[in-house]
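Student: I have a structure to go through and I'm new to it. Can we take it piece by piece?

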Amino acid sequence: MKTVLIPLAEGCEELEAVTLIDILRRAEIDVITASLTEHQQITASRGVRLIADTTLDLVIHDEFHMLILPGGQPGTNNLDADPRIHALLKRLFHDKKWIGAICAAPMVLAHTGLLNGLKVSCYPGTLDPTEWPEVQLSNDAVVCDNKVITSRGPGTAISFALMIIEKLMDKTTRQQVEAGLVIR
């Protein structure tokens with residue numbers, strides 16, 4: 001079974017976090033949510049309270065097939081300020097594992113140095129092309145480049161989750177989950 005870690009930071013975008021958790025679990029992916037602090041309950045950007053499965057300290061040395069960062073503010077800034085997140089990202093990237101980030105969260109990947117030379121998508125204005133000339137910014141809803149999957153924001157969360165399923169599992173699983181969602 002594939003295992004994915006989704007860190008939940010105070011102020012994360014709840015629509016993105018919950019959509020990812022729900023849709024990936026429909027594909028029978030083992031999704032582990034971890035709060036950055038010792039408290040498993042976090043308050044998301046719109047005041048929704050989420051309870052993580054565990055804390056980051058308890059799973060930081062575990063093996064995962066993918067790490068996915070939800071966006072939102074101040075959630076993205078909280079992820080970016082946590083050196084454990086940067087260390088995890090580097091470890092998984094160098095181990096050729098999948099990395100995902102949506103909305104403002106690709107900023108964390110940029111600050112970790114993982115986006116150089118890659119094509120990425122993010123929330124409009126998150127990455128200034130003059131500050132990040134080595135990053136190819138795209139307006140596509142979802143972009144996959146070199147085992148890094150990025151997406152624009154809350155409205156693209158379903159497409160983002162489905163792309164993750166396709167890459168982590170296969171197209172058939174993606175199609176089965178997509179059919180059950182009745183998107184079209």
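Tutor: One term to begin with: contact means heavy atoms within 4.5 Å. This is a predicted model, in which local features need pLDDT of at least 70 and side-chain atom pairs count only at pLDDT 80 or more, while totals for chains, interfaces and linings use all residues. Residues are numbered from 1 along each chain as its sequence is written, and side-chain values use heavy atoms, with hydrogens and water left out.

Student: OK, what does His-86 touch?

Tutor: Not counting residues up to four places away in sequence, His-86 touches Leu-79, Asp-80, Val-108, His-111 and Thr-112.

Student: And which helix is His-86 in?

Tutor: His-86 lies in helix H4, residues 83–94. Helices (H or I, at least four residues) and strands (E, at least two) are DSSP runs, numbered from the N terminus.

Student: Is His-86 buried or exposed?

Tutor: His-86 counts as buried, because its relative accessibility is 14%. Buried means under 20% relative accessible area, exposed over 50%, and partly exposed in between, with a 1.4 Å probe and protein chains only.

Student: New topic. How many residues of H6 are buried?

Tutor: Nine of the twelve residues of H6 are buried, so this helix is mostly covered. Among them are Phe-160, Met-163 and Glu-166. H6 covers residues 157–168 and reaches 16 Å from its first C-alpha to its last, close to the 16 Å expected at 1.5 Å a residue. That expected span is 1.5 Å times one less than the number of residues.

Student: What about Ala-157, what is it in contact with?

Tutor: Leaving aside neighbours within four places in sequence, Ala-157 is in contact with Leu-15, Glu-16, Thr-19 and Ile-102. Ala-157 is buried, with a relative accessible area of 1%.

Student: How many disulfides are there?

Tutor: A search of the whole structure finds zero. A disulfide is a pair of cysteine sulfur atoms within 2.5 Å.

Student: Last one. How do strands E10 and E11 run?

Tutor: E10 (residues 142–145) and E11 (residues 148–151) run antiparallel, joined by four bridges. Two strands pair if DSSP finds at least two bridges between them. The bridge partner of Val-142 is Ser-151 in E11. The hairpin has two residues between the strands, and Asn-146 takes a positive phi near 55 degrees there.
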